[in-house]
Amino acid sequence: AAGMFLRLLSDIQWRAAHPRWRRMTRSQRSTSTTAEPHPVSLPAQAQVVICGGGIMGTSVAYHLSKMGFKDIVLLEQGRLAAGTTRFCAGIVSTARPMSIELKMAHYSNQLYQQLEQETGVQTGYMKTGSISLAQTQDRLISLKRIASSLNVMGIPCEIISPKKVLQLHPLINIHDLVGAMYVPEDALVSSANVSLALATAASRNGVQIHERTSVSHVTIQKGRVTGVETDRGRIQCEYFVNCAGQWAYELGHSGEEPVHIPVHACEHFYLLTHPLQEPLSSSLPTIVDPDGRIYIRNWQGGILSGGFEKNPKPLFTEGRNQLEIQNLQEDWDHFGPLLSALLRRMPGLEALQIMQLVNCPESFTPDMRCIMGESPTARGYFVLTGMNSAGISYGGGAGKYLAEWIVNGYPSENVWPLDLKRFGTLQSSRTFLRHRVMEVMPLMCDLKVPRWDFQTGRQLRTSPLYDRLDAQGARWMEKHGFERVKYFVPPGSDLLDLDHSKTFYKPDWFDIVGSEVKCCKEAVCVIDMSSFTKFEISSTGDQALESLQYLFSNDLDVPVGHVVHTGMLNEKGGYENDCSIARLSKRSFFMISPTDQQVHCWAWLKNHLPDDSNLVLEDVTWKYTALNLIGPRAVDVLSELSYAPMTAEHFPSLFCKEMSVGYANGIRVMSITHTGEPGFVLYIPIEYALHVYNEVMNMGQKYGIRNAGYYALRSLRIEKFFAFWGQDLDAFTTPMECGREFQVKLDKGMDFLGQEVLLEQKQNGVYKRFTMFILEDHDTDMDLWPWWGEPIFRNGRYVGKTTSSAYSYTLERHVCLGFVHHFDEKTGEELVVTTDFINQGEYEIDIAGQRFQAKAKLYPFSSLFAQRRRKDEVELSGYQRE
Amino acid sequence: FYLTPSQVNSILKANEYSFKVPEFDGKNVSSVLGFDSNQLPANAPIEDRRSAATCLQTRGMLLGVFDGHAGCACAQAVSERLFYYIAVSLLPHETLLEIENAVENGRALLPILQWHKHPNDYFSKEASKLYFNSLRTYWQELIDLNTGETTDVREALINAFKRLDNDISLEAQVGDPNSFLNYLVLRVAFSGSTACVAHVDGVDLHIANTGDSRAMLGVQEEDGSWSAVNLSYDHNAQNENEVERVKMEHPKSEEKSLVKQDRLLGLLMPFRAFGDVKFKWSIELQKRVVESGPDQLNDNEYTKFIPPNYHTPPYLTAEPEVIHHRLRPQDKFLVLATDGLWETMHRQDVARIVGEYLTGVHHQQPIAVGGYKVTLGQMHGLLTERRARISSVFEDQNAATHLIRHAVGNNEFGTVDHERLSKMLSLPEELARMYRDDITIIVVQFNSHVIGSYQNEE
């Protein structure tokens, strides 16, 4: 069956292939029967070895060779483009919810369009357009949100009526539709041929391609890739790229030092039919019907239709023991619901004859985003895999970004959402992956409302207070495997069912979070913030201080007991991390960063700290439970519990002291709250956590203490214009661009990373500015709520996107945070953004196609701050981490 | 007022139990794959009992259903004791000696049976010593009687049935100093129970039946269809041979009074049973035991009542009819059930429903298009039909539950009608018995591969 399909879907045309490679592949076809030795021996060394000859491997090879790398070897265990790439449906779709994914898909589309001309290999590229259908109003809203972001990127896209759908595709039943999104430039390709075209071009640029060569493992010495062991010998190399698709996990674990790549395969089914009586036009647009969980494209006069069922079948959990992917069985009973959806969408196809049901495994990741980047533990070990069945759409762009990463040290766009380092060993359990991908695959089609959470693979990392909080009505979300409280449902109100909170409008927790915020403002709340990443850096001499002074932009040579908010910047001045650092002693520092920084920050520090055995870096995340006491009465609670004066005179803000709380000694108390409200964070050795929590709650009773969750925290930080790393801040944002100049000490007396860029920005200005927007004519009860990623318009022209938003219970308005750019009206060139430019515009925020007036502000409302702030101690950075 | 489907399910599934024979090295070497069992009460409390156990000192597995009448005491006692009597009857002389020595010297006893019990299936702790002593007396006699012959399963089953019934009778005559126990043994003897027991060892299947419960073999024909083979005869008025037997055992003068209104002496439905000493003891014995017995017994009209035309007891026996069957690969399962099931369903339907259930769960043939010309519409129709079939099956994880669902809920078209099911299950206690009887079912699934390999060896 696979053989037949191979001929049908991708007539391989080798007209213009590179002579050397062509000869090689030919002779290999014969070796399979005569068992001759391979004609071309492997080189002993290469600069880059790529493992995997699918769309990812060939795309990386193509882009690396284009960028000038010469010494590249691509190894494929079977034949080129014979795995998932061979079987994939070949739909190039740019309608992606995330901006970075959208950019990758857009680039892929452009690349494939000219590939045939460039290489002479027929790619079957056909610009058919695609139509995404909405059966419900909520689905239409989510399509409108995507349409908004496609439009501002200059990609043609429109929301159309069901009638218009019928004009574009005569076979569709439109009776149950409320609307659709039409992307006219989406395309179809033969994915295998695209991959072969990329290979051909790469081969012409000098890439050596060896088929039927298996990588057994990668050798790593002193944290660097040194070479690759294959079944045909060893290749020494500087860089290794793991593009092994669904085998990437196993390949990562094959060496002595494992590289954790959390991917897991699921079976994926699609149907091929014989041509219709009047064969379908090859230019007929592709239909995506997410509510029916299916896609339908034209294929050789008939159709190709597959989907993402509710009950996926994960496979290869134990590794590739059982069967080769070519031998996977068709499973019609499993495909039944999708077939029903297909016939409901196109009833006219009843009489169409079936050709085949293809079973093609796809690899999925724990968060539905692909995986790229360098291993946190092995330098030079790069990964590109886990495409969640969008490999063809992402292939071109993903390969380009990874090539840039290898060549330049970092890609040209912020790829943190896709970075391998967002995962650690904790996402590497096969059981976890199996359970999670069974949720992820149906999610491809599920409606995703703001702040949805994964339901599987939960309760992995928890605070010692988990059960206590849960019993008090905590509702949970998960970050980097850690359970965190969203809010507390008060006893007696059991009206909150999950479905009701799934909305693009005002959510059911609105009043609950409101009362938690109120309590933070007027009394005191306690939030368990144990998930934050916590490192300790210490040394025998001044090494710790000196290294940190180089790695951080703020001045860390402060008196012992002071807390400093600072960015950890890269050479370009962008935020690699945003942290609070307490100086515990002359020679030791306590560093707090966002939860999902655990792997990334560790790798960054390991790579940048000098190799000095007297300088010790330790991850102490698990050792401390963090309780954040927020509110004006926090000071009273804490002073009663510690018999120590906690007022501002004795315990100024941004201060850190070890003290006793209740019976427990050695509690690290810091006068920060990450919200701009008065209060303290208590870092409690975990065995004291329950005791301290109980003491705080008992003592706090008379001050009106209550539990609160992260939603309250988020509302508080956003209304005070605190940026948060990973959401607002990224490696392409400098402190100058987000109003944090005061956290940069250009004159601290020594050089630090990013200094030159910041100096230059200080003199010449910045090209984007972090801005706060207050929605003016937005009705909280009736209008769609902003989320993030909404386009910002200034005087009717697109200037940037929001990065986060929240309802401010104090201002009684929605607040959006985002970046404003200044594009030249004629050339589109980026210009310096001045304060005047920000202040002199009329702004609108586009929520799913509807624009709301917004007031722009570069500074927070000082009236929101309960404490009088001293200029230098402004906790403006707050950098809140969610 | 209707029960929701989940309420219906929780009622139907309350007593379900499944056992899978454990595998060794990924292989099940037993001819039995496992069994599903379940009961649905109509009486309160239910008078049916069930038992299942694996013999540990000999090979084989025992399964049985017991339908009690005039209370559940006898059925309870038989369900606890009968398998021990059977197991002991099967034991070789050396093992019996070993066990007796162990008891004699206060050493740990070899385990004889491994029970497979639902949590609701209980053993009466109070009587265990009494029961044990009776059992010990039995094996001591077997040791003394040592014939030197290998034990025949048929004989062992018959001996065990008769011996247990005898012990029940004796215990009631002797009484017990403990008043609770005394009352218990009397209740056991004065109530009655049928028994339908299967012993499976390799390809040898023996069914020992006393009364009107029934054993039925599910056979898959070559064309995939299902047929039923009876492995027991009902001992009741519908069975001519049985009526003939009873008449033979009594003088001609009683011929007319023996079977009236399809009942033994006009009273008892089953023609064979455990207990029921009112049909076994002489009138004098009955009177003596009742009078010397506890007050509760004396106050009970039923126990004092002597059946009419009671001239030449015993009228009733516990001796089973034993049928031996050599299992073939096409024999897929065995159904043991009390008459509550057979009253409502024909055996042919039972065979089909269980057969489709078991194959639906385990060997639903995948569809392959292959080279055939199939349209999307045809495929859709085919899948919809398969789904409908599976969905009724998938509601149950237990073949016995599935069968009860059909037995209680089937409408005139032979499909489960939720409305009917809901009505039948929500009947008040006092009405339930009018519409249905207690139902107890055990479905034993056979391992065709193992059975096939036995055949090939020969």
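# Salt bridges, burial and the A–B interface

User: Why is A:E118 called partly exposed?
Analyst: In this predicted model, the relative accessibility of A:E118 is 27%. Buried means under 20% and exposed means over 50%, so a value in between is partly exposed.

User: What makes A:E118 and A:K66 a salt bridge?
Analyst: Their side chains meet with N and O 3.1 Å apart. The rule asks for a Lys or Arg nitrogen within 4 Å of a carboxyl oxygen of Asp or Glu, so the pair qualifies. A:E118 belongs to helix α5 (residues 99–119) of chain A and A:K66 to helix α3 (residues 55–66), and the two residues are 52 apart, which links distant parts of the chain. A:K66 is partly exposed as well, its relative accessible area being 47%.

User: How do you know that A:K400 and A:E404 form a salt bridge?
Analyst: The closest N and O atoms of the two residues are 4.0 Å apart. The cut-off is within 4 Å, so the pair is counted. Both residues sit in helix α11 (residues 391–408) of chain A, four residues apart, or about one turn of the helix.

User: Are A:K400 and A:E404 buried or partly exposed?
Analyst: A:K400 has a relative accessible area of 22%, so A:K400 is partly exposed. A:E404 has 9% and therefore counts as buried. The line between the two classes is drawn at 20%.

User: How many salt bridges does the rule find over all chains, and how many across the interface of chain A and chain B?
Analyst: The count over all chains is 56, and across the interface of chain A and chain B the count is zero. A:D176, A:D289, A:R344 and A:R345 are linked in a network of such bridges.

User: What, then, joins chain A and chain B in terms of contacts and polar contacts?
Analyst: 17 residues of chain A are in contact with 15 residues of chain B. Six residue pairs between the chains are in polar contact. The buried area is about 1,400 Å², with 62% of it given by carbon and sulfur atoms. On the side of chain A, A:W332, A:D333 and A:I354 lose the most area, together 38% of what that side buries. Helix α10 of chain A supplies eight residues of this side, the largest share. By class, the side divides into ten nonpolar, four polar and three charged residues.

User: Why is A:T533 called buried?
Analyst: The relative accessible area of A:T533 is 0%. That falls under the 20% cut-off, so the residue is buried. A:T533 lies in strand β26 (residues 533–539) of chain A. Residues that A:T533 touches include A:M591, A:I592 and A:T621. The side chain of A:T533 reaches the backbone oxygen of A:T595 at 3.0 Å, and a polar atom of that side chain is 3.3 Å from the backbone nitrogen of A:Q598. The limit for a polar contact is 3.5 Å, so these distances fall within it.

User: What makes B:R272 a buried residue?
Analyst: B:R272 has 8% relative accessibility and therefore counts as buried. B:R272 is placed in the loop between β12 (263–264) and β13 (274–275) of chain B. A polar contact of 2.8 Å joins the side chains of B:R272 and B:E242. The backbone oxygen of B:E319 is also 2.8 Å from a polar atom of the B:R272 side chain.

User: How do you know whether the radius of gyration of chain A agrees with that of a compact globule?
Analyst: For 882 residues a compact globule would have a radius near 29 Å, and chain A has 28 Å, so the two agree. Buried residues make up 62% of the chain. Of the contacts in chain A with a separation of 6 or more, 73% join residues 24 or more positions apart.

Definitions and conventions. Residues numbered from 1 in each chain as written. Chains lettered and ligands numbered in written order. Predicted model: local features only at pLDDT ≥ 70, side-chain atom pairs only at ≥ 80, totals over all residues. Heavy atoms only, no water. Contact = heavy atoms within 4.5 Å. Buried area = accessible area lost by both parts, 1.4 Å probe. Polar contact = N/O pair within 3.5 Å; in protein donor to acceptor, adjacent residues only side chain to side chain. Nonpolar A, V, L, I, M, F, W, Y, C, P; charged D, E, K, R; others polar. Rg over C-alpha atoms; globule rule 2.2 N^0.38 Å. Buried < 20%, exposed > 50% of the residue type's maximum accessible area, 1.4 Å probe, protein only. Lists of a residue's contacts leave out its neighbours within four places in sequence.
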